[in-house]
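This report describes a structure with attention to one chain, its partner and a residue between them. Please read it alongside the sequence and the model.

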Amino acid sequence: MSGGSIKGDIRAALANENLRGALGRFADDYLESRRVAYGHKNFSALQDEIAAIKSRAAGRLEELAGRFAIEAANRGAKVFWAETAGQARDYILNLARERGVKTIVKSKSMASEEIHLNKYLTEAGLEVVETDLGEWIIQLCGQRPSHMVLPAIHMTRGEVAGIFSRETGEELPPVISRLVQVARENLRQKFLQAGLGITGANIAVAETGTLVMVSNEGNVRLTTTLPPLHVAIVGLEKLVERFSDTAPILEALPRSATSQQLTSYVTMLTGPAPAVDAFGQPVQKEMHIILLDNGRTAMRGDPEFKEALQCIRCASCLNVCPVFQLVGGHVFGHVYTGGIGAILTAFFNGMENAGGIQSLCLGCGRCKEFCPAKIDLPRLINSLRTRLARQSGLPLPQRLFLKNVLTSRPLFHGLLRAAKAGQKPFVREGMVRHLPFFLAGLADVSNLPALAEEPLRDWFRSYTGGETAKHKSKRGSSPESGQESKPGSKEEGTTKNNAAEKTGDNLEGSAVFKTEIRAAKETKGKPEAGADGRAKAEAAGKAASKAEVKPEVKAGTGAGGKARPLAGLFAGCLTDFIYPEIGVSMVKVLESMGFAVVFPQGQTCCGYPARQLGAPEVMTEVARQNLAAFEAAGADYILTPCPTCTHALKDIYPEVTGDDPALQARAAAMAARVYDFAEFVYNGIKDGTTQMPGLKPLDRKVTYHDSCHLKRSLGITREPRELLKTAGADLVEMPFSDRCCGFGGSYSLKYPELSALILDQKLACIRETGAGLVAVECPGCLMQLRKGLAERGEKAVEARFLAEILADQL
Amino acid sequence: MAAPNLRAEQAPGKPGALYDIFKTKAGLVSARVDRAADNTGAALKIKEIVLKAGAKKVAAAPSPLVDSLLPGGFGAAGSDPVLYRRDLRRHAPDAEVGISAFDLAIAETGTLVQDATDLDSRLVSTLPPVHVALVPTDRIVPTLRDALELYGGNPDGLPPYLAFISGPSRTADIERVLTIGVHGPAELYIIFIDGPGGEEA
């Protein structure tokens, strides 16, 4: 249905109360019913088993297809390899014509949707009837499925009654049992008349030539039993090697798809079974199996995307996706829906159809946790994003910003300071999210917190250790009022950029950049303009670097000169420039535990946003700079308050430095010393390697929000909770504590309506606990929650960073 | 094609315990499970179901078990209900009750397993609104994996049409409201038979 712009589609979907109601209730119920369905099954063992089976099969598609073809042919089936959608369609049409077929009954098959089979056969004059109830509804009203398992989840009984009334010429009440009965009676006639039954398959076993199909309604059984001719369309990714491989897939598929221990029917076809015609005369049943490539061998040949062939189409990635649950598959999908739909669409239905879908992914990573085939969907979407960015190019301001500014720390920070001083070279009414996005021209939202008066890096310049008590946060630690001054306001406009002058975060760079964008815009399509601009920016960057203040301010020794273990603070942009008080609180806590803290001034953005925008090479460059900064500082540990930064330093740097083995070795060495703050503090206390002085009891009801990256990229859930308890908090769990807050970096700027609704759900969960304080361990989440609370005038709840809460109790 | 033999070590030591699990699990998916001591008991239960359904036409897929249970149909020739055992492509579509025998039952999921290569066995279990399934009590295996192992152990002997049935036909395609009885039967009765071929716990 995505006829218009994706933004328009989103608005329409959000206005559809039924869609949102149905999807929302489903998403809420799904977790619990799925949990019950799995019971004592060991999900992670099943995941391992399925991933192993499917990844092995994906590596040997042709071999397994060949073996399958031989086995199925030995048992009397005809097997056809269709390289393209067109070949599959033609094969079916020719067969139908040769056999004089007039009516075709179909059971649900995503592969047939993928090749747009119905349209093709209908235009050729055949009657094609979908027999799955949901698919029939969709077919009668000329739509496409909005969910891979529940195709008509977006429709009400009233709408269905209207559709069925038109079809039957009978006025039907909106009573579901009656509507189901009407479908049974109408479709029964079609089953009995049909000359051809078309199905898909959930599994194809090479060893035995067996097709496995799961269904609940019984239409697969009728489709494969009544017509004398059967065509099964089987995507190559359905192949597994052995019959025994079906077991784990059949254990997981129904549980993950519909929270059933097993579907009502599982049908295993190994060659054609006997048939009789409508008069009871025995006829030879014909079985044709189309092995459909249509992009699958290309996917297999693509090391980055091969993993997607492990998908068993359970759609659990849709069911747990906070975005899908708001907009459904007509917006978030093409033929295949949701996150996995973006990947499948790119390969099966063309890259050009995948761009909008992938952009809807928030990157929360929840799907990965639930995938029975262990597909790292967030990684796949990121790879797709990178590829699309390479193919079609990033928008010019983003490209210039990433390549020319983000790679030059002085220039980048100079621009931030410029923005702070109200000079705002690139933003309209904008403010920040992940700070780089702000400068990349993505920022378009007002009412966001302002940049801090004194960035953390400046505070550190006058810091000599043991002085945190003196620090007063310039903005206090209360939740943002939402009325904070913005860059360019009168008050801030008067604040001269002293710090920038001091640090050499040269403002000239911004002028260069500004001119460059203008120049590049004017000479659009001329690559030399960009190259020229690059040279200018580099020159500006070098000028800025010269003025860099050195040496580092290091707090490695205490008053007595006795060496204390040295903790290096990697702040990340948000903490550095918006929430310096988080960094200060960290220092306070770390000092109380006997650490000295160093802030290497050469540190810059972790680069994650660049990778998220599709420019991983920019991340490699900033990785190089951050590595140099921290190597020079010689810290024993590197701590960050930001899970995204931690994930970047720990997991992604070793990845994006892969082309340079020496750099990669350094990245790996650093990665081994990187910790999330809460993890570091908690484990130190637990292991007895460090101690924290006794805390004043907080004695307050507190709830904790799991940041997506902290939980899913770093696996940290327990440590922050335990620390809160150590601080005497009365910890109350909120429902769905690990559901995204809707921040997602640039996402909240790209899709503010979606972000706001996801935030609403999160705030509702927080309210439900009755806690007056929500603790977070991610500056992005902190910003999102504070913004939400402020905008909604919520006075009874405040959002605070874990380190701040601890520091206050010292 | 014959059902695979349950090897001694795989045969459940306590059919009674497995029966209890099966009954619970099948009940959760809306099947009605009953147990008869022998063929006579089973035949009585079938008649009760047929009467309750008010059936005029009953279609039974021929099998040794079904044939031995209902040798003479339900009563006097020509009177209701009439039992059809032949020409089922013609009779099953308007029969009210279908009867067939199953090869295995899976306790873990309340599932019945059948070599459904014989077309009649599929017609009687898909077309009539009520389906009565018969299965010897000693043929309950604990898990789906056990059942798959039995068939997978002899890949060349896999039947062309192997059917797994768990409860009646169902859908949740309209507003996610569970509705029983779409294309297949709305009622599934499962009768376990202990007697000849069956085993008491």
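## Chain B

Among contacts in chain B between residues at least 6 apart in sequence, what percentage join residues at least 24 apart? The share is 77%, where contact means heavy atoms within 4.5 Å. This is a predicted model, in which local features need pLDDT of at least 70, side-chain atom pairs count only at pLDDT 80 or more, and totals for chains, interfaces and linings use all residues. Residues are numbered from 1 along each chain as its sequence is written, chains are lettered from A and ligands numbered from 1 in the order written, and side-chain values use heavy atoms, without hydrogens and water.

Of the 201 residues in chain B, 59% are buried, meaning under 20% relative accessible area (1.4 Å probe, protein chains only).

## The interface

Chain B gives 49 residues to the contact and chain A gives 73. About 4900 Å² is buried between the two chains; this is the accessible area (1.4 Å probe) that two parts lose on being put together, summed over both. B:Arg89, B:Ile174 and B:His183 supply 17% of the area that chain B buries against chain A, more than any other three residues.

There are 6 salt bridges between the chains, each a side-chain nitrogen of Lys or Arg within 4 Å of a carboxyl oxygen of Asp or Glu. A:Lys41 and B:Glu108 meet in a salt bridge at 2.4 Å, N to O.

## A:Glu217

A:Glu217 is buried yet has no salt bridge; A:Lys108, the nearest side chain of opposite charge, is 9.7 Å away. The residues that A:Glu217 touches include A:Leu133, A:Tyr265, B:Arg170 and B:His183.

How values were computed
Buried < 20%, exposed > 50% of the residue type's maximum accessible area, 1.4 Å probe, protein only. Lys, Arg positive; Asp, Glu negative; His and termini not counted. Lists of a residue's contacts leave out its neighbours within four places in sequence.
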